[in-house]
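I opened this entry to look up how the parts of the assembly meet, and I wrote down what I found in the order in which I checked it.

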There are 2 protein chains.
Amino acid sequence: MAVTIKDVAKLSNVAPSTVSRVIANNPRISEKTKIIVRAAMDELGYHPNFIARSLANQSTRVIGLVLPNSTDVFFQNPFFPTVFRGLSDGANERQYALQINTGNTDEEIFEGVIQMVQGGRVDGVILLYSRIEDKVLNYLRERNFPFVVIGKPFKDVELITYVDNDNYMASKEVTNYLLSLGHEQIGFIGGDLNFVVTVERLLGFEKALRDAGIRSNDDYIIHSQFLREGGREAIGKLMNLQDPPTALVVADDLIALGVLNTLSEMNISVPDDISILSFNNVLFAELSNPPLTSVEINIFEIGYQAAKSLIQILANPKVPVKRIIVPHELVKRHSCSHVSVVEL
Amino acid sequence: MAVTIKDVAKLSNVAPSTVSRVIANNPRISEKTKIIVRAAMDELGYHPNFIARSLANQSTRVIGLVLPNSTDVFFQNPFFPTVFRGLSDGANERQYALQINTGNTDEEIFEGVIQMVQGGRVDGVILLYSRIEDKVLNYLRERNFPFVVIGKPFKDVELITYVDNDNYMASKEVTNYLLSLGHEQIGFIGGDLNFVVTVERLLGFEKALRDAGIRSNDDYIIHSQFLREGGREAIGKLMNLQDPPTALVVADDLIALGVLNTLSEMNISVPDDISILSFNNVLFAELSNPPLTSVEINIFEIGYQAAKSLIQILANPKVPVKRIIVPHELVKRHSCSHVSVVEL
DNA sequence: TTGTAAGCGTTATCAA
DNA sequence: TTGATAACGCTTACAA
């Protein structure tokens, strides 16, 4: 058996409670005994048992992470590892551990969350996504269990603490950028509309066009989580329109990569024939051919802030609901150019 | 407070121990009381407290995952999310939860592992990497703590349970494939030599050349974890050799992507001027330009098997040490071609 | 400043 | 087939 607080107590001739107080660095213990007890801990190689501590404290110092179901593109997206690094940094800083819940179906995930929460495995939860309708989120709210959302909640925004970019604004900005390059026929390629981030980016896009007095064209808007075959067809149809777009706002670098690929197969040159602008600025945006002009959204920071916020809530359940907006920035590379003048 | 076993006991007029037995589905409890107790559990919305259970059982049903330090390329590599999905599936199947340990320095990681292990937070550990010299691995062995390695251990291979591909063989095979295409000047671009996987792939490569009677050329071997600027220079030097290679074995798709990028900047065409063959067959291998010929290593399966193996060890600590080799397969795309005949 | 003892929610041993 | 009770390792009143 491992060495316990009792062993330390015995060796240092004090009561177990004293040892416990030394661990907590309780100021009411004399320096002298602290030294003695610490020496004993070292000698025995004592390490506190977190499980026992959790039971006594009713607190585990573990944060539960909820991912969308793993059949989603989410996992393949470099967004995940990066946000995870941020979460990890934020958690480690305050000695919190991370437990991850995932599953192949929404039902599995929901079950997992219940285990985490009602099983007392975690003190709080971070949702790594935000969807239009989400059982998990509703459940957490009902139970009044501490949680933070990464992404903008679909409803009751002012009642939920979340960390996000201003995707609406960002999308408006980049659409304006394309407009400033002279583009007027701009398409939008989005991912799954069940995710709020997609919706926000679409809305910002549409607003920019409206502000510019450009009538929106339904043919120019495509939705698909495609990466491979799926989207090929859609892009083909889009580019074979009588009046194909001269620029594309793409909701995610990964999708943009697929688009780039398809266009290259169709012998359509980027940015000469069409400009591509996407979001997230993951590593591959830089390595693609041509390198993508993309919106840096500071994914790491998002994760870091999410962890910090949750920990703050755990420390003081009464902190007011907070919205944290992480700044974004357009990184210009080589996938966008001035619209080419068409000779008639 | 949450509803406990005692509440259930009271409501169903039995002792707490009986409720506990019902939960465990102990056959020595009558069906009648089982039904009563289960009804009470439903009525109260009872969920067992894992922490208490862990303390009583001395077992948490949590598996600790140890990642290399997060400054490593590892996180950016799609390998991570995929292996994670496999681990997750394997763990969920047997109701194990996953806790992740990481950190920015090796020291931080080591500390985290100690917390996990000595703090009793986890029942076993999976190392997601294998290095030449690894403090964590040594620590786990010393304490005789259950663990499984993903990747081939550097030493004492026959004493450690691990899951891996036969990277040596795979590398030999693909080098032979390039040889069969007529290439004789073949280079190798590897990642960090501290990781065993890099070493294995290099050794297999060299063996194939030796078997073919080709003298090895140190100028043809480059090591770097570069993705961006780092490797550019190295590739430049390589291609400016008097006798540049006509083919490259690259240890990782991600590196290959960087190489592709650099070559494209240098106006060197793949596969016409040089063939590129890499490992892992991650999604981007398919989306790159040209699509990469790459070795499929079944990353998901690796994760899945690792989880399964560890759980098996936990169930029966005396199961013999096991080595699981996950099969690989060359996926031919468009980055390799027959060597071009040089007119003299 | 320190010790005693109850309690956190389970499981498991022993008796009944 | 079930119930009492100790035990898991720690924290925290309350007492001293």
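**Chain A against chain B**

I looked for salt bridges between chain A and chain B and found a count of zero. I keep in mind that this is a predicted model. Across the same interface I did find 14 residue pairs in polar contact, with both residues at pLDDT 80 or more. I then listed the elements on the side of chain A that touches chain B, and those supplying at least two residues each include helix 4, strand 2 (97-101) and helix 11 (253-265), while helix 5 of chain A gives the largest share, eight residues.

For the extent of the interface I noted 56 residues from chain A and 56 residues from chain B in the contact, and a buried area of about 4900 Å², of which 57% is on carbon and sulfur atoms. I also checked strand 2 of chain A, which pairs with strand 2 of chain B in the antiparallel sense over three bridges; in this pairing Leu98(A) has Ile100(B) as its bridge partner.

**DNA strand D**

I counted 26 residues around DNA strand D, with Ser20(A) and Arg21(B) among the closest. Helix 4 of chain A gives the most to this surface, with four residues.

Notes:
Residues numbered from 1 in each chain as written. Chains lettered and ligands numbered in written order. Predicted model: local features only at pLDDT ≥ 70, side-chain atom pairs only at ≥ 80, totals over all residues. Heavy atoms only, no water. Near = heavy atom within 4 Å. Contact = heavy atoms within 4.5 Å. Buried area = accessible area lost by both parts, 1.4 Å probe. Salt bridge = Lys/Arg side-chain N within 4 Å of Asp/Glu carboxyl O. Polar contact = N/O pair within 3.5 Å; in protein donor to acceptor, adjacent residues only side chain to side chain. Pairing = 2+ DSSP bridges.
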